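Please keep the sequence and the model at hand while reading.

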Amino acid sequence: MAQMRLFFRLPRALTSVSAVMAWIFSLCFVFLIVPSAAACDRCLHQSKAAYFSKASALSSGACGYGSLAIGFNSGQLAAAVPSIYKDGAGCGSCFKVRCKNEKLCSKEGTQLIVTDLNKSNSTDFVMSSRAFMAMANKGMSKDILKQGIVDIEYKRVPCEFKGQNLAVRVEESSQKPHYLSIKVLYQGGQTEIVGIDVAQVGSGNWRFMSRNYGAVWDTSRVPDEALQFRFLVTAGYDGKWVWAKSVLPADWQVGGIYDTGLQIADIAQEGCSPCDDGSWR
């Protein structure tokens, strides 16, 4: 078995006992989460896929992206089984998928983004019709739809959002100064966010947020003034904090989308036997 490699540094801004305890709690949380995140996603998996006839079904999905999901990846979206959804940590992850019917489908396949939870035991993905048709050879998109369910193979790949940094959206349920709920958007690389802390800009009094569901995080301990965030990111067996030093202004607004200024591009370092030579044959 490969040796586990985790790298963490004590943040400089921890200046109180409570802040240190919160950091230790988060670190312990990572040790519980990371093994489940190291499931050899880059390896090729065999399964089946179906499709939703309406993309709106995915916009109301368990990740909480809402109507924003329709704009992701040209609408090539999917609901994924719990082993991929990972209690919400898998929201926004990207996968290369192709069907195995060579008469119907191209060798290149297509790329999709996870925006919902698929509770079916018969398919690993339920895809948007656009993603499902994108697997087909030219001129055969209607033929693949007639199949309903197809055999597929897939693997996880890094997400790329050209021109987009990691961003947070302030949810409508937020009520300053008592409650803050944010949705994480445009998470790049092949990573999972397993923890988020928030603090007033310039303060070391970090307060951890909890995953409400999917890509939505919240806290009832909202600091005053402008807010900074730090994100605990894992990629296979590796993990690190990334710090966004100024994200929400003091007058943050419900429904607003705020740029963190961060680009996450890490690639999973997995502890399984090598299985991905970088090709897609």
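How many of the eight residues of strand β4 (residues 110-117) are buried? Six of the eight are, and the strand is mostly covered. Buried stands for under 20% relative accessible area, exposed for over 50%, and partly exposed for values in between, with a 1.4 Å probe and protein chains only. Helices (H or I, at least four residues) and strands (E, at least two) are DSSP runs, numbered from the N terminus.

The model is predicted: local features need pLDDT of at least 70, side-chain atom pairs count only at pLDDT 80 or more, and totals for chains, interfaces and linings use all residues. Residues are numbered from 1 along each chain as its sequence is written, and side-chain values use heavy atoms, with hydrogens and water left out.

**Strand pairing**

Strands of a sheet pair through backbone hydrogen bonds, either parallel or antiparallel. Two strands are taken as paired if DSSP finds at least two bridges between them. Strand β4 pairs with β2 in the parallel sense over four bridges, and L77 has I113 of β4 as its bridge partner. With β3, the pairing of β4 is antiparallel, again over four bridges; here V97 is bridged to T110 of β4.

An open sheet of four strands runs in the order β10-β9-β13-β14, with antiparallel pairing. Its edge strands are β10 (207-208) and β14, each of which pairs on one side only. The antiparallel pairing of β9 with β10 covers two bridges, and R207 in β10 is the bridge partner of V198.

**Nonpolar cores**

A nonpolar core is a set of buried Ala, Val, Leu, Ile, Met, Phe, Trp, Tyr and Cys residues joined through side-chain atoms within 4.5 Å. The largest one has 24 residues, and L180, I196, F229, F231 and L248 have the most contacts inside it. Two or more residues each come from β7, β8, β9, β13 (227-235) and β14 (238-248). Another core, of 22 residues, lies apart from it and includes C105, L112, A131 and I144.

Contact means heavy atoms within 4.5 Å. Not counting residues up to four places away in sequence, F231 touches L166, V168, I193, G195, I196, K240, W241, V242, A244, T260 and L262.

**T260**

One of these partners of F231, T260, is placed in the segment after β15 (257-259). T260 is buried because its relative accessible area is 8%. Beyond four places in sequence, T260 touches L166, A167, V168, F231, A244 and V247. Its side chain also takes part in polar contacts, that is, pairs of N or O atoms within 3.5 Å; within protein, one must be able to donate a hydrogen and the other to accept it, and residues adjacent in sequence count only if both atoms are side-chain atoms. A polar atom of the T260 side chain lies 2.6 Å from the backbone oxygen of L166, and the side chain of T260 reaches the backbone nitrogen of L262 at 3.1 Å.

**Aromatic pairs**

Rings of Phe, Tyr and Trp (its six-membered ring) pair if their centres lie within 6.5 Å; planes under 30 degrees apart count as stacked, over 60 as edge-to-face and the rest as tilted. By this rule there are nine aromatic pairs. Two edge-to-face pairs are listed here.

| Pair | Centre to centre | Angle between planes |
|---|---|---|
| F72 and Y186 | 6.0 Å | 75° |
| F95 and Y154 | 5.9 Å | 70° |

F72 counts as buried because its relative accessibility is 6%, and Y186 counts as buried because its value is 18%. Together with Y65 and F161, F72 and Y186 form one aromatic cluster.

Where does K176 lie? K176 is in the loop between β7 (167-170) and β8. K176 is partly exposed because its relative accessible area is 42%. Leaving aside neighbours within four places in sequence, K176 is in contact with A250, D251 and W252. The K176 side chain reaches the backbone oxygen of A250 at 3.0 Å, and a polar atom of this side chain lies 3.4 Å from the backbone oxygen of W252.

A charge sits over a ring if NZ of Lys or CZ of Arg is within 6 Å of the ring centre and within 35 degrees of the ring normal. K176 lies over the face of W252, 4.7 Å from the ring centre. The charged end of K245 sits over the ring of W243, at 5.1 Å from its centre.
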